[in-house]
Amino acid sequence: MVRILDKAAVQPLNRFNPAKSFTIRRSPQKSGIATIPIRIPANSQPNRVDLVASIGVRGVKGIAQVRFRVFRGNKEIFNTQQGIESTGSEQNYIVTFQAEDRNVPAGTHAYTVTAENRTPNTRVDVVGPISFSGLAVKTRN
């Protein structure tokens with residue numbers, strides 16, 4: 001049995017919309033995608049925070065490798081990488097991933113998803129939709 005401690009969700013773009021797109025920055029710079037706050041009450045150990053992100057992207061130039069990262073505050077807790085193709089092939093993608101953060105200390109924590117393009121001379125835009133959610137639960141001892 002688990003007990004729900006907190007939940008949060010954000011949807012900065014709720015549909016595919018190239019008119020509201022932005023370009024993913026070239027590594028080592030990062031583009032902020034979404035942030036949510038999760039509060040862990042005192043005496044809530046052990047616990048875990050389950051995070052799910054979906055980001056709609058479009059390949060604009062070349063074949064890029066995009067690194068997505070999840071941070072709790074300034075600490076990276078998860079990353080994954082996705083290849084994104086452009087013209088002449090697939091262009092539009094929904095990248096979805098799930099991360100888990102265990103035994104989070106008490107307090108309010110900002111969880112942030114970022115993206116960075118790791119391939120020179122390529123371009124990938126975020127075109128939506130974007131959703132990011134988190135669920136904090138107290139687990140069994």
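Which residues are linked in a network of salt bridges? I found Lys30, Arg69, Glu76, Glu116 and Arg118 in it. For me a salt bridge is a side-chain nitrogen of Lys or Arg within 4 Å of a carboxyl oxygen of Asp or Glu.

Ground rules: this is a predicted model, where local features need pLDDT of at least 70 and side-chain atom pairs count only at pLDDT 80 or more, while totals for chains, interfaces and linings use all residues. Residues are numbered from 1 along each chain as its sequence is written, and side-chain values use heavy atoms, with hydrogens and water left out.

Searching the whole structure, I get nine salt bridges.

Arg69 is buried at 12% relative accessible area (buried is under 20%, exposed over 50%, partly exposed in between, with a 1.4 Å probe and protein chains only). Glu76 is partly exposed at 30%.

Next, Arg72 pairs with Asp101, closest N and O atoms 2.6 Å apart. Strands here are DSSP runs (E, at least two residues), numbered from the N terminus. Both ends are buried: Arg72 at 14%, Asp101 at 6%.

Last, the largest nonpolar core: I count 32 residues, and Ile55, Val57, Tyr111 and Phe132 have the most contacts inside it. Such a core is a set of buried Ala, Val, Leu, Ile, Met, Phe, Trp, Tyr and Cys residues joined through side-chain atoms within 4.5 Å. Elements giving it two or more residues include β5 (64-72) and β7 (92-102).

How values were computed:
Helices (H or I, at least four residues) and strands (E, at least two) are DSSP runs, numbered from the N terminus.
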